[in-house]
Amino acid sequence: MPEKNQKRELLKKKLFTKNRLVIVNEDTFEEVFSLRLTLMNVFVVGSLGAIIIVFVTTYIIAFTPLREYIPGYASSKLKRDATELALKSDSLSNALKKNEAYIKSIKRVLTNNLDYAKFSKDSITLGAIIDDAKIDLSASEAEMELRKEVNKRDKEEAKKKRPKR
């Protein structure tokens, strides 16, 4: 145990012993710069410097266009263009399918190879148009009874909630 304490004391003494860093002009031996340091100060300043360099580098890579040069990162313009091209290709493929179906039907008409049981697209869309004047929006008997019952319940609940005078 005392040996362990002696090692700790020796390490503590080495870390906090003051040393002098002197920069001297070699030709004239004139002292240009002098600084008093401890080993602990050098360690702390070096560690903080390394941490700051890591954070600055991470910031530059993450928030500037430099990240585009790193493999695996794509630019936002490239992503936007890819999405736009995917949408265009999808719409073009849909248009191509419609045109191919149209050309097939024209070929069938020209070769007199018609299927009379099928409906054309135009007849289906014409039948789907709904005339608003023909729709009956009046309430049925069951709906009228339900409305009366709900109104009756609401009145009873309102009477229960009223404070008595």
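**Entry 1: Phe29**

I started with Phe29 and found it in the loop between strand E1 (18–24) and strand E2 (31–38). A reminder to myself: this is a predicted model. Next I looked up the backbone angle, and phi of Phe29 is near 55°. Is Phe29 buried or exposed? I read a relative accessible area of 68% for Phe29, and exposed means over 50%, so Phe29 counts as exposed.

**Entry 2: Thr38**

I then moved along to Thr38, which lies in strand E2. Here the relative accessibility is 9%. Buried means under 20%, so I wrote Thr38 down as buried. Which residues does Thr38 touch, leaving out those up to four places away in sequence? I listed Leu15, Phe16, Thr17 and Lys18. I also followed the side chain of Thr38 and saw that it reaches the backbone nitrogen of Asn41 at 3.1 Å.

My last stop was Phe43, and I placed it in helix H2 (residues 39–63). With 56% relative accessibility, Phe43 goes into my notes as exposed.

I have Phe29 as exposed, Thr38 as buried and Phe43 as exposed.

Conventions. Residues numbered from 1 in each chain as written. Predicted model: local features only at pLDDT ≥ 70, side-chain atom pairs only at ≥ 80, totals over all residues. Heavy atoms only, no water. Helix = DSSP H or I, 4+ residues; strand = E, 2+ residues; numbered from the N terminus. Buried < 20%, exposed > 50% of the residue type's maximum accessible area, 1.4 Å probe, protein only. Polar contact = N/O pair within 3.5 Å; in protein donor to acceptor, adjacent residues only side chain to side chain. Contact = heavy atoms within 4.5 Å.
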